[in-house]
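Let's take a walk through this structure together, with the sequence and the 3D view side by side.

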Amino acid sequence: MVSVLLRLETDLPASPEHQLDSADEHGSVPADLARQRLRLWTLTDIVFAVGELLDDEEAQVRCPELAKQHRVVAQQLEDAMSLLSTAEDYGGLDVERGATLEDVREAVAQRHAAEVDADLERRDRPADPDEVAWTVQYDYRNGTVTATSVESDPHRRRPDTLRGFAPTPVAAADLVASWHGDTIPPVRFEFPPASKPSLLVPYREAPKLSIPYPDPVTLLDQGGACYQELLVACARIRRHLRTVPDLDDWIRQRTALLNRQTPHLPNHGLGTLVTPAHGHKLGFIDVLEWVQPERVLSTYSDAWGEFGGHREHSLRDVVEGLASAESIEKFVRELFGVDAIDLNRIPGWAGPVYQLGNDGCHRIHAARVLGLPWIAAQVGYSQHASEWQLSELTIENGRIFPGKLREYRLALIQGLDRRGIIDVEVIPTPDPLWTRVRCTRLPAPWLLRAPEWATRVNAAYERAIPGALGQLGIPVGIGTQRDKWTAWLTTDGEPRELLDEPRP
């Protein structure tokens, strides 16, 4: 492989079509970086053309190996151009003449780190000294995070260890804190962070890490209160199922009751928020956890007990398997201990809720139908930022809304702030398209979503955790009805007729 080391003092002239115009020459962008990028553009064209000639099928003698090396070099040059283009975006980036690409990469990484840290440090979330503290081990080589509770839960109702990734130490501390929702524990580092931050994940790229996680059966082997409660419930349900004359009819009745009392939410992303305004990836956690099935609000189905024709028999197989099981322990291990149920955790002000990640849709439905008290699952959590562009924040399910609807959404967000539900600052720009929304207190991410979706999730959250909306000062009859929600957020009063609504 041909390796290329390019220095910023390269004297290769740019081709005419890649010339630096006068605006670049005399504008705020450092001319040296812009000129070097255009030179690399010219060089990339040359190297690519040479590679094509070397591997020309009509040539008398082909050189495919040399052509392959030229393609590698061309890719390296394109990467270098992308890096310099990013550096150009920062007019004040400190890059001296004669610097290497590695120097530029480090300068860009440090600027990105500063942006990530500034964004996360805006959150107004003081730690509660009465909460159990967590100690963070942060690997400064690759961003791996291992957080350990200083006090183990003797009943094993919550994890004692969290593992994941964060791009900076500040992000690592925020990641562990935000995983808990509004109840923020003290977080300290085993080794103090470096004074000079550096973003450890490449710009706008996901980290390519292999983080070892315990096998799902580990959670079962640990035992604890949740496991024992699950065994007792399964034994009780098994006794009942053995008295049921028609399991299919029983399943139909149970799913109908679920869909009537606790409707299934569509798969629109409970906690999905768009890319942060700074454009960088943030952290994530993956952990094995006991989860209450009624906290799982959404899977890939349209309703409980419906799977769109995919393995429709699986639900009955699980129910019949419990009814005929000789060993409850064996049944539980077959249900949860082979392939992990994959969930995404969405912290909320009254407690977390979950949505299906990849695997386990049928087993989640079976747990709801059977009325199991717990499921063992591998749970992921993705960190979210505090500032977004309004134009992206208003994208719903791939739909880009026009300006008038963006203004309407902004009015709703400002209404949330006026009602004391969130703390938000709107940062205007000359072009309204790039207006930014900075949210320093956000009890749950779905509150910023479209009113149709926000009220549906509010209703599901209230059903899963009764009294949750009242904790934020949101009347149930308002927070679960789209029209009343929008009226409440865009007016200062509380009309009497808005309040007289039944519970969801």
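What follows goes from model confidence to cysteines, then to helices and a loop residue.

A word on the ground rules: this is a predicted model, in which local features need pLDDT of at least 70 and side-chain atom pairs count only at pLDDT 80 or more, while totals for chains, interfaces and linings use all residues. Residues are numbered from 1 along each chain as its sequence is written, and side-chain values use heavy atoms, with hydrogens and water left out.

Let's begin with pLDDT, the predictor's confidence in each residue, from 0 to 100. The chain has an average of 82, and 84% of its residues reach at least 70. Residues 1–29 stay under 50, and for them the model has 56 contacts (heavy atoms within 4.5 Å) beyond four places in sequence. The pLDDT is also below 50 over residues 201–209, a stretch with 16 contacts beyond near neighbours in sequence.

Next come the cysteines. A disulfide is a covalent bond between the sulfur atoms of two cysteines. Taking it here as a pair of cysteine sulfur atoms within 2.5 Å, a search of the whole structure turns up zero. Cys234 has a relative accessible area of 1%, so it counts as buried (buried means under 20% relative accessible area, exposed over 50%, partly exposed in between, with a 1.4 Å probe and protein chains only). Cys361 is buried too, because its relative accessibility is 12%.

Cys361 also takes us to a pair of helices. Helices here are DSSP runs of H or I with at least four residues, strands are runs of E with at least two, and both are numbered from the N terminus. Helix α8 (residues 247–261) and helix α11 (residues 361–370) have axes that come within 9 Å and cross at roughly 90°. The axes are lines fitted to C-alpha atoms, for helices over the stretch in contact, and angles run from 0 to 180 degrees between N-to-C directions. The two helices are therefore roughly perpendicular to each other, a label for angles of 65 to 115 degrees. On the α8 side, Trp250, Arg254, Thr255 and Leu258 meet Arg368, Val369 and Leu370 of α11.

Now look at helix α5 (residues 169–179), where nine of the eleven residues are buried. Among them are Asp174, Leu175 and Trp179. After α5 comes Gly181, with a positive phi near 85°.

Our last stop is Lys281, in the loop between α8 and β5 (284–291). Lys281 is partly exposed, because its relative accessible area is 41%.

How values were computed:
Angles under 35 degrees count as roughly parallel, over 145 as roughly antiparallel, 65 to 115 as roughly perpendicular and the rest as oblique.
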